[in-house]
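This note is meant for a colleague opening the structure for the first time. Please keep the sequence and the model in view while reading the numbered points.

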Amino acid sequence: MSSIKGSKLEEQDPRPLQPTPGVMEGNKLEEQDSSPPQPTPGLMKGDKREEQGLGPEPAAPQQPTAEEEALIEFHRSYRELFEFFCNNTTIHGAIRLVCSQHNRMKTAFWAVLWLCTFGMMYWQFGLLFGEYFSYPVSLNINLNSDKLVFPAVTICTLNPYRYPEIKEELEELDRITEQTLFDLYKYSSFTTLVAGSRGRRDLRRTLPHPLQRLRVPPPPRGARRARSVASSVRDNNPQVDWKDWKIGFQLCNQNKSDCFYQTYSSGVDAVREWYRFHYINILSRLPETLPSLEEDTLGNFIFACRFNQVSCNQANYSHFHHPMYGNCYTFNDKNNSNLWMSSMPGINNGLSLMLRTEQNDFIPLLSTVTGARVMVHGQDEPAFMDDGGFNLRPGVETSISMRKEALDRLGGDYGDCTKNGSDVPVKNLYPSKYTQQVCIHSCFQESMIKECGCAYIFYPRPQNVEYCDYRKHSSWGYCYYKLQVDFSSDHLGCFTKCRKPCSVTSYQLSAGYSRWPSVTSQEWVFQMLSRQNNYTVNNKRNGVAKVNIFFKELNYKTNSESPSVTMVTLLSNLGSQWSLWFGSSVLSVVEMAELIFDLLVITFLMLLRRFRSRYWSPGRGGRGDQEVASTLASSPPSHFCPHPTSLSLSQPGPAPSPALTAPPPAYATLGPRPSPGGSTGASSSASPLGGP
């Protein structure tokens, strides 16, 4: 036993022992070896002396023990990590995987149940995230009550360009139209009909695209039903089966290589459309400074105007001219310095107009209705009389009640809308704010200019662009009607490009009608109008109409969209699902993240160890030996390695490899201290063991 200790001491300090320290160490060893030596404890003590670095010099530094903890520690295996997680986690059911490990059936049952619960929870998570990223919206309806701004009201005469002003420009078209009606229908009742067939034929040759009657072969019996469902693209009216002919006019492209007939089954519609086509060409040749385009006096059309029982003045309206609806007046538009406000509902607190609807100077071939056309719209919106207006009947008092509604849409991911139209790839040609109708008309005008080389007269034109006229653009009619077909089928993409505005204010209208003036009061009413406004008494009821526009109530509805699933709602739903399936909290999620992180680290370390054992083995050179040696020296001793019990280790010989021996526990009695009895023989007997 003393020889083993001596060999250990000599291995640690090969320097020659001094006499005085040797006696002290010998006394210490003699005191320790006073009991009968046991081989195995002696070996463990020697190992412990080697670990603690006890030598002849008491000032030698001690190595760190296995009980000292490192700053960062990881588990040595997946099993150890899993057992630690199940024993310490706050997730319900995880501890049952460890507590029931001696019963494999229970362990399997809880493992399957735990995995199924995990799968169900994350399936619910997927549904919640899918709902959140679909960006659903909720519609909130609010009812407000306050003073309301009265909307803009546009009213038109339904009289495009009176005869006395542009009669010379239209005489040729009127004569040719009369001759066409006579040739097609043998009808002539116009006072302006020119006598002589030769003169009529000469006039007819001056206009291109003559109106013709076309004979259409009767379709087969099997095709009649299909044709009634899907009519011809260029036929604007339903088919009339009992007629075998149609009315239309021919349109061709620039080089006459492609032509088609714009046909109609109704002769009235064909004549009006043909007259309108030539009328547009005449208007395009008129300069904007023509006297016919100047504003008519308000008294020629509106006999009386009152708002909130106060008479209107010239500052309350603006004037513009529509190619089909004639002179139009807009009341309370954005140019009005003081917008009208409605503080009370009812017919007496709105706009009241008395209109002149005489037909003495109408264009009978273009305007086939009598009365007036009115439209209610916002102050900064153009009046699209074709889209949103309606006609007023002569001899009738029309009462229009309004109800305001506002809609606020969510843009961005929640809806396809635009705030001001700046992100829409269509240039706004109207001097107003963005609306969907403004965008659609501007888009068609852009396509018209691009494809046909001229602008359509019904819509605003850009600078340096001419209106279409077949004297300058011979094939614009062919291009226009082709473009209309593509526009209706959205081949131009206008309905796709023009998105809805995010904020919209609309007015829901309801109308009531009554006879005006009544039979008992019509005599004095007509006499007053005749004396004050030069009204023709002979026209009686057909020359006058009245309209009242007012708010039905001051309560207005606001429809606003809001996100149906917000981030707060998503987190709340996720927490509810987590608590339902596992009864845990946010910290449990952190524990799961920590488990995943530890799994990754352990996997990385295992791969690194395998890589180093393969490519940095001791047999690959001195550098590999140094790496392995430093790794073994720096690695803490393992408590799970078995202790050697063979007595062959006590025999003299080379020191055992550190990797094959387990270090003994640290004994406090191995420290250097003076011994009561001298045992110089032990130290002297240890000296020859370290000699050569």
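1. Basis of the note. This is a predicted model, in which local features need pLDDT of at least 70 and side-chain atom pairs count only at pLDDT 80 or more, while totals for chains, interfaces and linings use all residues. Residues are numbered from 1 along each chain as its sequence is written, and side-chain values use heavy atoms, with hydrogens and water left out.

2. A cis peptide bond. The bond from W516 to P517 is cis, and its omega is near -10°. P517 sits in the loop between β18 (503–515) and α15 (522–533). Helices here are DSSP runs of H or I with at least four residues, strands are DSSP runs of E with at least two, and both are numbered from the N terminus. As background, most peptide bonds are trans, and most residues other than glycine have a negative phi.

3. Positive phi at Q309. Although Q309 is not a glycine, its phi is positive, at about 65°. This residue belongs to the loop between β7 (302–307) and β8 (310–311). Its relative accessibility of 47% makes Q309 partly exposed. The classes are as follows: buried means under 20% relative accessible area, exposed means over 50%, and partly exposed lies in between, using a 1.4 Å probe and protein chains only.

4. Positive phi at D490. D490, also not a glycine, has a positive phi of about 60°. D490 is placed in the loop between α13 (476–488) and α14 (494–497). With a relative accessible area of 27%, D490 is partly exposed.

5. Strand β13 and its cover. How many of the six residues of strand β13 (residues 372–377) are buried? The count is six of six, so the strand is mostly covered. Both faces take part: A372, V374 and V376 are buried on one side, and R373, M375 and H377 are buried on the other.

6. The partners of β13. Strands count as paired if DSSP finds at least two bridges between them. Strand β3 (residues 152–156) runs antiparallel to β13 and is joined to it by five bridges; within this pairing, T154 stands opposite M375. Strand β14 (residues 390–392) also pairs with β13 in the antiparallel sense, over three bridges, and here R373 stands opposite N391. R373 and M375 are both among the residues on one side of β13.

7. An annotated segment. The unreviewed UniProt entry carries the annotation "transmembrane region" for residues 108–129. UniProt positions are given in the numbering used here, feature names are shortened, and annotations may be inferred rather than shown by experiment. In the model, the chain over residues 108–129 is 100% helix and 0% strand, and its end C-alpha atoms are 31 Å apart.

8. Disulfides in total. A disulfide is a covalent bond between the sulfur atoms of two cysteines. Here the term is applied to a pair of cysteine sulfur atoms within 2.5 Å, and by this rule there are eight disulfides. Three of them are described below.

9. C439 and C498. The sulfur atoms of C439 and C498 are 2.1 Å apart, and the two residues form a disulfide. The torsion about their S-S bond is about -80°, so the link is left-handed. This pair links distant parts of the chain, 59 residues apart: C439 is in helix α12 (residues 436–452), and C498 is in the loop between α14 and β17 (500–501). C439 and C498 are both buried.

10. C443 and C494. These two cysteines form a disulfide with sulfur atoms 2.1 Å apart. The link of C443 and C494 is left-handed, with -80° about the S-S bond. It connects distant parts of the chain, from C443 in helix α12 to C494 in helix α14, 51 residues apart. C443 is buried at 2% relative accessibility, and C494 is buried with a relative accessible area of 1%.

11. C454 and C468. Is this disulfide left-handed or right-handed? The link of C454 and C468 is right-handed, with 95° about the S-S bond. Its sulfur atoms are 2.0 Å apart. C454 is buried at 0% relative accessibility, as is C468 at 2%.
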